[in-house]
Amino acid sequence: MSGPRVAAVAVGASAGALESLSVILPELPEDYPLPVLVVVHLPPDRKSLMASLLRERCRIAVKEAEDKERIVGGMVYLAPPDYHLMVEEDRRLSLSSEEPVRYSRPSIDVLFETAAEAYGPGLVGIVLSGANSDGARGLRAICDAGGVGLVQSPDQALASAMPHAALLACPEAAAMSLGEIAKHLLGIVGPS
Amino acid sequence: MLDSTEDIEFRLLLEAILRKYHYDFRGYSTASLKRRLRQARERFGCRSFSTLQDRVLHDPTVFPDLLSYLTVQVSEFFRDPDYFRAIREHVVPYLRTYPSLKIWVAGCSAGEEVYSLAILLREEGLEDRTMIYGTDINPEALRRAEAGVYEMDRIPLFTENHRRSGGKSSLSDYYTAAYGGAVFDKSLRRRAVFSDHSLAADEVFAEVQLVSCRNVLIYFDRELQDRAVGLFKDSLSRKGFLGIGGKESLHFSLHAEAFEEFVRDERIYQKRGDR
Ligand SMILES: C[S@@+](CC[C@H](N)C(=O)[O-])C[C@H]1O[C@@H](n2cnc3c(N)ncnc32)[C@H](O)[C@@H]1O
């Protein structure tokens with residue numbers, strides 16, 4: 001394995017999120033060593049089914065992120081509807097109800113930018129299907145901090161605008177199929 | 001690992017604000033605070049936090065503006081209607097048993113939550129025996145709370161929230177349209193006091209039966225959360241109630257043991273009788 005050790009994975013998805021996540025996340029084993037932080041754009045009602053839908057399909061544990069909880073490996077953390085999800089320097093999670101960023105709360109950019117600061121080169125950022133441009137700035141920040149950017153190939157995404165915008169902002173990011181992204185996530189942790 | 005230059009400047013800026021203006025932001029969640037200070041830095045056209053620090057120390061007109069970046073002012077009347085419904089259905093029956101009542105709304109922003117509770121208490125016939133203390137650190141927010149005037153275009157949302165909270169009257173009974181806004185009835189303020197109080201620096205000021213502190217703790221780090229919840233614990237009378245925000249919890253709190261869950265989904269806790 002080359003490059004710095006990966007410490008976390010951050011994922012952003014919007015229109016088509018459930019379809020994309022349902023291909024990638026079930027590939028991860030129960031003892032996957034990294035935390036996976038996920039922002040999905042959802043309608044702002046308080047009870048979202050996303051966590052329970054994904055939980056049914058995954059071996060890795062899935063939960064809705066709680067404020068100030070310590071981030072641990074082997075866990076998928078979902079941003080709750082209507083709250084921004086951020087990573088603190090001490091690698092705890094924070095929630096915030098400050099204003100939407102470019103019409104989104106949770107905002108993928110906010111997660112990615114704060115995670116890039118906390119994890120630097122130890123972060124993999126992934127932009128999946130979506131019909132807006134959230135995540136592009138955030139992926140730029142991840143790559144600027146030395147992290148790795150992956151983008152769902154626009155021609156394979158249900159909504160291609162978000163992957164397009166991410167690749168435009170971050171040309172060094174790799175465009176991949178969902179299967180390749182899953183394989184990459186398994187590859188970076190190597191055989192244990 | 002060495003701190004980045006920006007981190008050093010960020011800490012120094014918070015220190016400068018504390019020494020010059022006595023506002024202590026050192027215990028706030030860094031990720032969110034830093035984001036907002038970066039926005040302020042851009043807005044004031046400063047190259048770095050050091051430049052912003054220079055401005056804030058030497059130009060007294062800058063700090064009041066900066067405070068609007070340092071604090072998050074998002075609020076609504078009857079925000080999260082289910083919370084207010086739970087207060088009405090589950091907490092009010094207990095409150096009825098007290099001959100006189102005190103309620104503390106900590107981090108009241110521009111008063112939306114205080115007026116919501118005042119309306120709820122009037123509907124439940126408890127208004128006359130209650131005092132509501134609304135506290136915040138943002139003087140502009142407190143001034144707006146005192147005025148009780150809200151933009152007309154927010155009223156449909158407030159009305160819908162009130163209805164969904166189980167409101168027994170119509171929100172329009174409580175305001176008149178004037179000055180391009182909705183002016184809330186002064187009588188709602190008869191039993192309310194708005195004042196400056198910081199959960200980061202000040203002490204307990206009254207014994208209360210209900211503390212409502214919503215969407216404030218998420219902006220604090222764990223130690224500061226512990227300080228704030230400690231104040232609530234000390235302020236609450238035996239078996240008093242604490243309501244916090246929908247995504248906040250006492251789960252990781254130093255004082256978790258002092259409370260029990262009362263309405264779990266709405267994050268309403270009751271102080272144990274033996275604490
Ligand atoms: C997001 S608003 C919450 C308003 C309302 N409670 C609600 O839930 O809609 C947060 C408020 O906390 C206030 N605040 C921030 N730090 C504080 C402190 N140390 N002590 C008291 N209030 C504080 C801010 O000025 C702001 O008005």
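How do the axes of helix H5 and helix H6 of chain B cross, and within what distance do they come? The close-ups below take up this pair and then a sheet. The model is predicted: local features need pLDDT of at least 70, side-chain atom pairs count only at pLDDT 80 or more, and totals for chains, interfaces and linings use all residues. Residues are numbered from 1 along each chain as its sequence is written, chains are lettered from A and ligands numbered from 1 in the order written, and side-chain values use heavy atoms, without hydrogens and water.

**View 1. Helices H5 and H6 of chain B cross at roughly 45 degrees.** The axes of H5(B) (residues 81-95) and H6(B) (residues 112-123) come within 11 Å. Helices here are DSSP runs of H or I with at least four residues, and strands are runs of E with at least two, numbered from the N terminus. Axes are lines fitted to C-alpha atoms, for helices over the stretch in contact, and angles run from 0 to 180 degrees between N-to-C directions.

**View 2. Here are the residues where H5(B) meets H6(B).** B:Phe84, B:Ile87, B:Arg88 and B:Val92 in H5(B) touch partners in H6(B), including B:Leu117 and B:Leu120; contact means heavy atoms within 4.5 Å.

**View 3. Three strands of chain B form an open antiparallel sheet in the order S3-S5-S4.** Strands S3 (149-151) and S4 (175-178) are the edges, each pairing on one side only. Strands pair if DSSP finds at least two bridges between them; S3(B) and S5(B) (residues 181-184) have 3 bridges. In this pairing, B:Glu151 stands opposite B:Gly181.
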